[in-house]
Amino acid sequence: MRVGLYIVFSLLFIIAVAVGVYLINPGTYSFEVFGINLPKLPISLWVAIPVALLAIFSVLHMMFYGTKNFFFLRKWRADAKKLEDAMYWSLIKEPTVTNYANKEIEQSASLLSASYIEPVDLDSLNTTERLKETAKIIKKIESGEYVDLKNQKFAKHLGEGNPIIEQNNLNHLEAEPKFALKVVDFKDKYSQSVIEKALDKLAQTQDFYTLKKYAKELGKKRFFKLLDRVKNGEDIGFSIDMLKSFMQNYDLTCQDYYQIAILTLEKLDPDSNLEFFKELSNKDEKAIPAYLYILFKYEMLDKVQEILDEHNENEYKAFRALYALKKSKQNYKAADIISKENICKWI
């Protein structure tokens, strides 16, 4: 009950009691308390005084506990707001330590300071609009959709390395492959996983001309993915000059040279190919098996013999065997003897 309403009804009750007693006995009465003679007052007044005191103390009682409940409710509402904030921080993957006035809430909610919230069913959420809208955006990002975080209020609270930012950047790479160029140009702004994904995207979508300045960052593995694209018929600016420009950035193995030779046999004319691999073999002896393979493919046995004679008999045994078969008029092809598995086995 409201205190004001209680006071009004209490006054009416006191008046009613006083009037009722007066109608029954309008006389006066006096008595002594602790040796003090109290004045003669109407009996109705003597009856009304205790009732009034009871009403006064009742009002004071209600005011005391009302004030106490007011401050308790105020703390509760503050804790509820803090709890919502804690959920918000956990939802955006930025959990923070929160202190609560209510110790029971603090014991349970303290888990939020070290946890991420992952909503499962957004349609059934019965929560604040802020949490609901934030959860919807994060759910889109986690499902692979790119969201422009500049338009989202919670984005300013996301710290460096936040999983939401990282996932959104990965989504951006899928939605807009050219974004990969921005990533590799401003690497200090992105995580290593995003940079690696960007380099993968570049190798899948860009041509040799665009990637030339990123050759070293691409790495050997992605370089060979570029060569696979060339092998599959994509026109991405393949040429000997581009090959040289990229190859100088990598530590190529014997098998790497063999893989390149397989491609150049298909894509380059014989004279250019022979000149190219002769140059490679002069610079790096690991390219000699690939050069020999090309010579066999072009049936240039005299040149093969010349190279084999320059090396120890224990070297290039597979090629020596193939050379012997060729000389004996056996109808063997280079691919029948030489393979990726054995071309470098007996160098």
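**Figure 1. The second largest pocket of the predicted model**. This pocket has a volume of about 220 Å³. A pocket is an open set of points on a 1 Å grid over the protein atoms alone, where a 1.4 Å probe fits, with protein on both sides within 12 Å along at least five of seven lines. Points are joined across faces, edges and corners, and a volume is the space filled by probe spheres set on them. The lining (residues with an atom within 4 Å of a point) consists of K244, M247, Q248, Y250, D251, L252, Y257, E279, L280, K283, D284 and K286. α10 (240–247) and α12 (270–283) each supply at least two of the lining residues, and α12 gives the most, with 3 residues. Helices are DSSP runs of H or I with at least four residues, numbered from the N terminus. By class, the lining has 5 nonpolar, 1 polar and 6 charged residues; Ala, Val, Leu, Ile, Met, Phe, Trp, Tyr, Cys and Pro count as nonpolar, Asp, Glu, Lys and Arg as charged, and the others, Gly among them, as polar.

**Figure 2. The largest pocket**. Its space amounts to about 650 Å³. It is lined by 23 residues, of which L149, I165, N169, K189 and Y190 are the closest to the centre. The largest share of the lining, 5 residues, comes from α5; α5 (163–175) and α6 (179–185) each supply at least two. The lining comprises 9 nonpolar, 7 polar and 7 charged residues.

**Figure 3. Packing of α11 against α13**. Helix α11 (residues 254–267) and helix α13 (residues 288–297) pack at an angle of about 30 degrees, their axes 8 Å apart. Axes are lines fitted to C-alpha atoms over the stretch in contact, and angles run from 0 to 180 degrees between N-to-C directions. The two helices are therefore roughly parallel, a term for angles under 35 degrees. On the α11 side, C254, Y257, Y258, A261, I262, T264 and L265 make the contact (heavy atoms within 4.5 Å), and on the α13 side P289, A290, Y293, I294 and K297. This contact has 10 nonpolar, 1 polar and 1 charged residues.

**Figure 4. Packing of α13 against α15**. The axes of α13 and helix α15 (residues 317–327) come within 11 Å and cross at roughly 15 degrees, so α13 and α15 are roughly parallel to each other. P289, L292, Y293 and F296 of α13 meet F319, L322, Y323 and K326 of α15. By class, 7 nonpolar, no polar and 1 charged residues form this contact.

**Notes.** Residues are numbered from 1 along each chain as its sequence is written, and side-chain values use heavy atoms, leaving out hydrogens and water. In this predicted model, local features need pLDDT of at least 70 and side-chain atom pairs count only at pLDDT 80 or more, whereas totals for chains, interfaces and linings use all residues.

Methods
Parallel < 35°, antiparallel > 145°, perpendicular 65-115°, else oblique.
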